[in-house]
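Here are a few exercises to work through with the model open on your screen. Try each one yourself before you read the solution.

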Amino acid sequence: MTDLNLYRNIGIFAHVDAGKTTTTERILKLTGKIHKIGEVHDGAATTDFMDQEQERGITIQSAATSCAWNNHRLNIIDTPGHVDFTIEVYRSLKVLDGGIGVFCGSGGVEPQSETNWRYANDSRVARIIFVNKLDRLGADFYRVVAQIKDILGAKPLVMTLPIGTEDDFKGVVDLLTRKAWVWDESGDPTNYTIEDVPADMADKVEEYREALIETALEHDDALLEAYLDGNEPSVEDVKRCVRTGTIKLDFFPTYCGSAFKNKGIQLVLNAVVDYLPNPTEVEPQPEIDLEGNETGGKAIVDPAKPLRALAFKIMDDRFGALTFTRIYSGRLKKGDTVLNTFTGKTERIGRIVEMHADSRQELESAQAGDIVALLGMKQTRTGHTLADPKNPATLEPMVFPEPVISIAISPKDKAGNEKMGVALNKMVQEDPSFRVMTDEESGETIIMGMGELHLDIKVDILKRTHGVEVNVGKPQVAYRETITIPINDSYTHKKQTGGSGQFAKIDYQVEPGEANSGYVFESKVTGGNVPREYWSAIEKGFGDSMQEGTLAGFPLLDVKFTLLDGAFHAVDSSAMAFEIATRAAYRQTVPKAGPQLLEPIMKVDVFTPEDHVGDVIGDLNRRRGMIKSQNAGATSVRITADAPLSDMFGYIGDLRTMTSGRGQFTMEFSHYAPCPKNVAEAVIAETQERKKAAAG
């Protein structure tokens, strides 16, 4: 039986281009998992194994791998940095116990670092920080540490200091041992010497070491008292206190180096083992019943307890569908039958494999604390819980954001139709933020996602992985509708055609709801004028009708429906009659309630060289953007704005032209806001044209 104290389940996450994948490559080389280092910019990184990843030099899907360091087993997930793929980061953090947040030494805390940091806070994941790329022009370790405090509101606990910077970056000083690790220029991570601290750094080392020890000892009153009396604690005592504080998320041990130049990675690996929690030291996952209520039970990380495992990712490869699973408690053996608590059906475990990027090793069994891939799971999807059929419970499921952009696609030839359907079905199972629907009127297939790059990659995967060539329509915005005026109204549904008839009368109020409240139903009926057994039919009738607004057919948001009174007939009333009445009431009342078109507003973060700031701001204003802030960094100016998605299509090309290729931006959904009158009229007219064309 494996000792869980020797396990570390960790993720590596950061802003796009901060060096996550390169850091992972170096870790794999140092731990002996790979013998030749693959570079991201050559398209040869181990964990970037998709064609699209190798060409674009970005990580698209999280990749899992395992390795060993100092007799500890590390399960590592390398996650994407691009904002369109944050779903991958979110679901990886959900199943990890610890993480390494990588920050670029010159770029500092960038927008996606903030989003990922927020996700990690939400998931209560302990982290260490690695400030990478200190060999880069403009790199400044101390500035990045200050940004981590100011922008993330986090407390970095500096554990190493850089020796030299930019081209002169040679190594790091370990503050605890007061020793300098200096690498030669061979690029071999094992070619280093441990020396005394350079004389010109002695004062700085003592200053930072004192701060480190004082912060760490706050977790042990006796040691702190002794230290204040002049007794130096042992390195082991300090490490123990740092571990306690890290697991409690009080601070984040902070390291520095250059993954590309192979400098500083050993200390990061040592920190993973020394300070990040093993699976038993993390707050156990709460268990909920099949209705979604907390039971008070916890999935204790223990192989002897009943099985609780969470499927966090589905990936299709040449051997079939792989279901990546984190086992929280219990054991799994090949051939076991497990209960999927979401579907209520049992499934048989075909094979269990340990993943190394896209290669695998067969296992006979796995236990609490393991992250493995299962083969042969037919009905299991992302976020489903696998449990012991004799002792079922569900783990807290994952919540995924709604897509904000869609495009219509169609196969280039008739033969591709069925092939496209099968391929899209697989892709939806792999990525919960990707949706597919068929437009009832036009018969077109609509794919929906988190951004232009997201859908661009999906079309590319259809073509290359599944061999389906498609025609792509222009991107469509996911508009919504709402109402602005409360209306009190009444509707009677009466139908008499021989035999039993249909009768239902409802008096109701329809009013605008609170922001983000969705659909709220309330009944104030007293005295049984509308019997309670019909309330759910009324709630359903109105809720279903909200899927199609009365302005342009977009779903309705944030509406409260209150049932005030009504009447029923002892023979002719039924749930169906009340549902029909409510649907008709919706069509009667919503057009009178000041319907309004809403558009998705995106949070836009732009990084531009200083001499192009005026052009970038002018262009964002033309796109109806509201500038929120403007902050000068070491190498560029960061502009944040809220802008409507409909005006942001093709922005990357325009930004590159304006900034001579040096501008960068990220964009994520922020909220829905009312459309200006001219925009709303144009959208409504275009939608009506499309409907006419489809009907004609």
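**Exercise 1.** How many bridges join strand S8 (residues 171-174) to strand S9 (residues 179-183), and which way do the two strands run? Then build up the rest of their sheet.

*Solution.* Keep in mind that this is a predicted model.

Step 1. Line up S8 and S9: they run antiparallel, and four bridges join them.

Step 2. Pick out the facing residues. Valine 172 sits opposite tryptophan 181 in S9, and aspartate 174 has lysine 179 of S9 across from it.

Step 3. Look at the turn. The hairpin of S8 and S9 has four residues between the strands, and arginine 178 there takes a positive phi near 55 degrees.

Step 4. Go to the other side of S8. S7 and S8 also make an antiparallel pair, over four bridges, with leucine 161 opposite valine 173 in S8.

Step 5. You get an open, antiparallel sheet of four strands, ordered S7-S8-S9-S10. Its edge strands are S7 (160-163) and S10 (192-196), each pairing on one side only. From one strand to the next, the twist averages 25 degrees.

**Exercise 2.** What is the strand order in the open sheet that has mixed pairing? Work out where the mix comes from.

*Solution.* Take the pairs one by one.

Step 1. Begin with strand S31 (residues 487-495) and strand S32 (residues 502-512): they are antiparallel, with nine bridges. Threonine 492 has lysine 505 in S32 as its bridge partner.

Step 2. Move on to S32 and strand S34 (residues 559-567), again antiparallel, this time over eight bridges. Here proline 512 is partnered by valine 559 in S34.

Step 3. Now check S33 against S34: these two run parallel and are joined by five bridges. Phenylalanine 521 faces phenylalanine 561 in S34.

Step 4. Read off the order, S31-S32-S34-S33, for a four-stranded open sheet with mixed pairing. S31 and strand S33 (519-523) are at the edges with a single partner strand each, so one side of each has no neighbour in the sheet. Neighbouring strands are turned by 25 degrees against each other on average, ignoring direction.

**Exercise 3.** Which side chain meets arginine 326 in a salt bridge? Say what the pair ties together.

Step 1. Side chains of opposite charge can pair when their charged atoms come close.

Step 2. Find the partner: it is aspartate 97, at 2.9 Å from N to O.

Step 3. For context, searching the whole structure turns up 29 salt bridges.

**Exercise 4.** Which residues gather in a patch of negative charge on the surface? Locate glutamate 218 as well.

*Solution.* Two steps will do.

Step 1. List the members: Asp203, Glu207, Glu210, Glu214, Glu218 and Asp250.

Technical notes: Residues are numbered from 1 along each chain as its sequence is written. This is a predicted model: local features need pLDDT of at least 70, side-chain atom pairs count only at pLDDT 80 or more; totals for chains, interfaces and linings use all residues. Side-chain values use heavy atoms; hydrogens and water are left out. Patches are made of residues with over 30% relative accessible area and no salt bridge: like charges are joined within 9 Å, nonpolar side chains (Val, Leu, Ile, Met, Phe, Trp, Tyr) within 5 Å. Accessible areas come from the Shrake-Rupley method with a 1.4 Å probe; for residues, only the protein chains shown count as cover. A salt bridge is a side-chain nitrogen of Lys or Arg within 4 Å of a carboxyl oxygen of Asp or Glu. Lys and Arg count as positive and Asp and Glu as negative; His and the chain ends are not counted. The place of a charge is taken as NZ of Lys, CZ of Arg, CG of Asp or CD of Glu. Two strands pair if DSSP finds at least two bridges between them. Axes are lines fitted to C-alpha atoms, for helices over the stretch in contact, and angles run from 0 to 180 degrees between N-to-C directions.
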